[in-house]
Amino acid sequence: VSAISGATGAELTTLSEKAKEMGAKTKFSAIEASEAMSYMGMAGWNSSQMIDGIAGIMNLAAASGEELAGVSDIVTDALTAFASDSGEFADVLAVAASKSNTNVSLLGESFKNVAATAGAMGYSMKDTTTALGLMANAGVKGSDAGTSLRGVMTRLAKPTKEVDAAMSALGISAVNTDGSMKPLSVLIPELQTRFSTLTDAQKGQYATMIAGKNALS
């Protein structure tokens with residue numbers, strides 16, 4: 001951890017004590033806690049961020065039954081894109097994994113492909129995680145889910161003529177009046193309402209126009 005993060009002296013002592021504390025309080029050892037901190041250091045976290053974030057990550061790993069180092073890697077990678085609070089993110093992932101047909105590892109695979117795009121476009125971590133959970137319930141998981149969702153987000157942010165035509169026909173905009181992207185938690189219910197009045201053929205047509213063939217699912 002010291003070699004990766006550059007922590008020395010008092011900072012390193014504090015990190016060591018935190019790792020020992022988590023080793024005593026959780027099912028993981030102090031060595032495993034330090035491995036999780038290593039991934040935090042690789043993501044550019046300082047010692048203060050490691051100390052604040054380690055408990056949430058360890059709780060998520062314990063709840064999910066997955067390896068601590070791997071969970072730490074997932075959280076730190078995605079947080080770099082969303083600039084979110086690590087404890088909150090760990091809680092959101094735990095809920096998504098328990099209430100949808102996916103797990104933390106598969107969500108991590110999804111985030112690898114969509115987190116940077118979603119974060120850059122202003123989509124929230126909660127919105128993105130909820131979308132991935134719902135996609136998993138429909139059988140679209142892991143890297144496939146991340147790639148598909150990224151494709152849809154990209155088309156909404158930089159609409160093709162097809163996307164413009166479909167959204168205009170449905171009377172919906174993916175962008176707020178201030179130019180920001182409309183949250184998925186607002187946009188998707190609007191689409192659901194409009195789609196409920198369409199025939200099956202029209203649903204397929206508009207879905208293809210908006211998402212493109214590769215992200216249609």
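This is a predicted model: local features need pLDDT of at least 70, side-chain atom pairs count only at pLDDT 80 or more; totals for chains, interfaces and linings use all residues.
Reader: How far apart are the closest N and O atoms of the salt bridge between K112 and E109, and what separates the two residues in helix α7?

Author: The general idea is to look for a side-chain nitrogen of Lys or Arg within 4 Å of a carboxyl oxygen of Asp or Glu. In this case the closest N and O atoms of K112 and E109 are 3.2 Å apart. Because the two residues stand three places apart in helix α7, about one helical turn separates K112 from E109.

Reader: How many salt bridges does the count come to by this rule?

Author: The count comes to seven salt bridges, and one of them links the side chains of K25 and E21, with 2.9 Å from N to O. These two residues are four apart in helix α2, which covers residues 9–25, so that K25 and E21 are separated by about one helical turn. K25 counts as exposed at 62% relative accessibility, whereas E21, at 30%, counts as partly exposed.

Reader: Which salt bridge do the side chains of E190 and K182 make, and what is the N to O value?

Author: The side chains of E190 and K182 meet in a salt bridge at 3.2 Å, N to O. E190 is partly exposed, with a relative accessibility of 25%, while K182 is buried, its relative accessible area being 11%.

Reader: At what angle do helix α5 and α7 pack, and how far apart are their axes?

Author: Helix α5, made of residues 68–82, packs with α7 at an angle of about 15°, and the two axes are 8 Å apart. Angles under 35 degrees count as roughly parallel, and therefore α5 and α7 are roughly parallel to each other. The crossing in which α5 passes α7 is left-handed. On the side of α5, the contact is made by V71, I74, A78, A81 and F82; on the side of α7, the residues that take part include V104, G108, F111 and A115.

Reader: In which loop does S100 lie, and is S100 buried or exposed?

Author: S100 lies in the loop that runs between α6 (86–99) and α7 (104–121). Because its relative accessible area is 14%, and buried means under 20%, S100 is buried. A polar atom of the S100 side chain lies 2.4 Å from the backbone oxygen of A96. When neighbours within four places in sequence are left aside, S100 is in contact with G133 and N137.

Reader: Where does L216 lie, and which residues is L216 in contact with, leaving aside its neighbours within four places in sequence?

Author: L216 lies in the segment after α12, the helix of residues 200–211, and a relative accessible area of 40% makes L216 partly exposed. Apart from neighbours within four places in sequence, L216 is in contact with A207, T208 and A211. Separation along the chain and separation in space can be read side by side for L216 and A157, which are 59 residues apart in sequence and 17 Å apart in space, C-alpha to C-alpha.

Definitions and conventions: Residues are numbered from 1 along each chain as its sequence is written. Side-chain values use heavy atoms; hydrogens and water are left out. Buried means under 20% relative accessible area, exposed over 50%, partly exposed in between (1.4 Å probe, protein chains only). A polar contact is a pair of N or O atoms within 3.5 Å; within protein, one must be able to donate a hydrogen and the other to accept it, and residues adjacent in sequence count only if both atoms are side-chain atoms. Contact means heavy atoms within 4.5 Å. Axes are lines fitted to C-alpha atoms, for helices over the stretch in contact, and angles run from 0 to 180 degrees between N-to-C directions. Angles under 35 degrees count as roughly parallel, over 145 as roughly antiparallel, 65 to 115 as roughly perpendicular and the rest as oblique. A crossing is left-handed if the near helix is turned anticlockwise from the far one by less than a right angle, and right-handed if clockwise.
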